[in-house]
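This note sets out points for a colleague reviewing the structure shown below.

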Amino acid sequence: MNMDALQDFISVITHGGFSAASRATMTPKASISRRIRQLEDELQTRLFERTKTGFTLTAEGTMLFERIKPLVNELNDIKTDMMEQTACPSGKLRISVPPVIAFDALGKLAARYKALYPLVELELIADSRLVDPIREGFDAVIRSNPNVDEDMVGIKIFTEKLVFVSSPQYREQLAQGDNSTGLPFISIGTHWKPNQISTLLDGEKRNFTVNTELYISSPFIIRSTLLSGAGSALLPEALVADDIKASRLIYLGVSEQPELVLWCLYPSRRYVTGRLRAFIDLLKETFSQESSISNE
């Protein structure tokens with residue numbers, strides 16, 4: 001199939017008509033019509049039903065559009081990336097970030113990325129739902145402990161321990177070893193309601209009875225709740241390290257729950273553009289520095 005014809009086909013649909021596509025692409029309307037007729041002849045099917053007010057897509061046209069649009073976009077990305085080899089990366093970069101991992105480091109990363117690549121329009125979107133990166137037009141998503149998805153590939157950028165911490169108001173109860181009534185517990189999300197938290201504390205395994213009383217999706221709100229005098233929780237070590245050192249929170253050990261593993265994922269059929277590659281490199285560098293600081 002002729003690439004110019006496929007691009008014309010997409011332009012007619014996205015711009016809403018042959019005349020609009022002609023104006024947007026500065027291509028003669030007659031050339032667009034001729035190439036699309038040739039495409040229909042090659043496929044032996046009608047792609048459009050022309051009307052007095054415009055056109056409608058046939059079922060075959062709809063199927064072709066849904067199949068080739070991602071491929072043509074990918075080829076355009078390749079062309080853009082080839083141009084970026086000798087020029088500064090440009091264009092739009094959309095990244096989805098769940099609030100659970102939207103640490104302060106991402107703000108620093110965004111500022112540095114913009115300084116290094118001023119021609120890139122960076123869009124970081126924090127959303128608690130699992131977006132569909134292909135359907136919703138994201139170049140990449142950052143996920144913690146993601147499920148395996150054959151449509152996505154990516155790179156592990158950060159591993160963080162989960163630590164069990166509590167509000168200082170339970171200090172006396174914990175010092176006396178009285179855990180029979182259990183600690184009020186704040187769970188991230190709504191699907192996990194543990195009765196016991198197991199940790200490694202000072203080289204020894206410890207078990208803490210807990211009563212789940214709150215469900216909060218944001219680790220930042222959980223931290224604020226603990227600092228305000230209520231509850232216990234499992235939180236990323238980097239988030240509460242300073243609070244533990246300053247005795248604002250009580251450290252109860254490293255959790256036996258799986259570590260928080262951070263991945264940057266992108267569609268497996270999506271060509272990695274220069275702007276995305278630069279973001280991934282900066283992401284790895286930024287979180288590597290954050291890890292080194294937290295371990296000092």
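Predicted model: local features only at pLDDT ≥ 70, side-chain atom pairs only at ≥ 80, totals over all residues.

1. Asp8 belongs to helix H1 and Arg35 to helix H3, so the pair ties together parts of the chain that are 27 residues apart in sequence.

2. Are the two partners buried or exposed? Asp8 has a relative accessible area of 6% and is therefore buried. Arg35, at 18% relative accessibility, also counts as buried, because the cut-off for that class is under 20%.

3. Leaving aside residues up to four places away in sequence, Arg35 touches Asn2, Asp4, Ala5, Asp8 and Thr27. Its C-alpha atom lies 9.9 Å from that of Met3, although Arg35 and Met3 are 32 residues apart in sequence.

4. The packing of the two helices that carry this pair can be described next. Two packed helices are described by the angle between their axes and the distance between the axes. For helix H1 (residues 3-15) and helix H3 (residues 29-43), the axes come within 9 Å and cross at roughly 110°. That angle makes H1 roughly perpendicular to H3, since angles of 65 to 115 degrees fall in that class. The crossing of H1 past H3 is left-handed.

5. Which residues make the contact between H1 and H3? On the H1 side they are Asp4, Ala5, Leu6, Asp8, Phe9 and Val12, and on the H3 side Ile32, Arg35, Ile36 and Leu39. Sorted by class, the contact of H1 with H3 has seven nonpolar residues, three charged residues and no polar ones.

6. How many salt bridges does a search of the whole structure find? The search gives eight. Among them is the bridge between Asp243 and Arg223, whose side chains meet at 2.6 Å, N to O. Asp243 lies in helix H8 (residues 237-245) and Arg223 in helix H7 (residues 219-227), so this pair ties together parts that are 20 residues apart in sequence. Asp243 counts as buried at 1% relative accessibility, whereas Arg223 is partly exposed with a relative accessible area of 27%.

7. A further salt bridge joins Glu49 and Arg46, with the closest N and O atoms 4.0 Å apart. Glu49 is partly exposed at 37% relative accessibility, and Arg46 is partly exposed at 43%.

8. Salt bridges also link Lys92, Arg94 and Glu123 in a network.

9. The wider context is as follows. The secondary structure of the protein chain comes to nine helices and 13 strands. Of the 296 residues in the chain, 42% are buried. Considering contacts between residues at least 6 apart in sequence, 74% join residues at least 24 apart. The Asp8 and Arg35 pair, with its partners 27 residues apart in sequence, is one specific link to inspect when reading the model.

Notes
Residues numbered from 1 in each chain as written. Heavy atoms only, no water. Axes fitted to C-alpha atoms, helices over the stretch in contact; angles between N-to-C directions. Helix = DSSP H or I, 4+ residues; strand = E, 2+ residues; numbered from the N terminus. Parallel < 35°, antiparallel > 145°, perpendicular 65-115°, else oblique. Left-handed = near helix turned anticlockwise from the far one by under 90°. Contact = heavy atoms within 4.5 Å. Nonpolar A, V, L, I, M, F, W, Y, C, P; charged D, E, K, R; others polar. Buried < 20%, exposed > 50% of the residue type's maximum accessible area, 1.4 Å probe, protein only.
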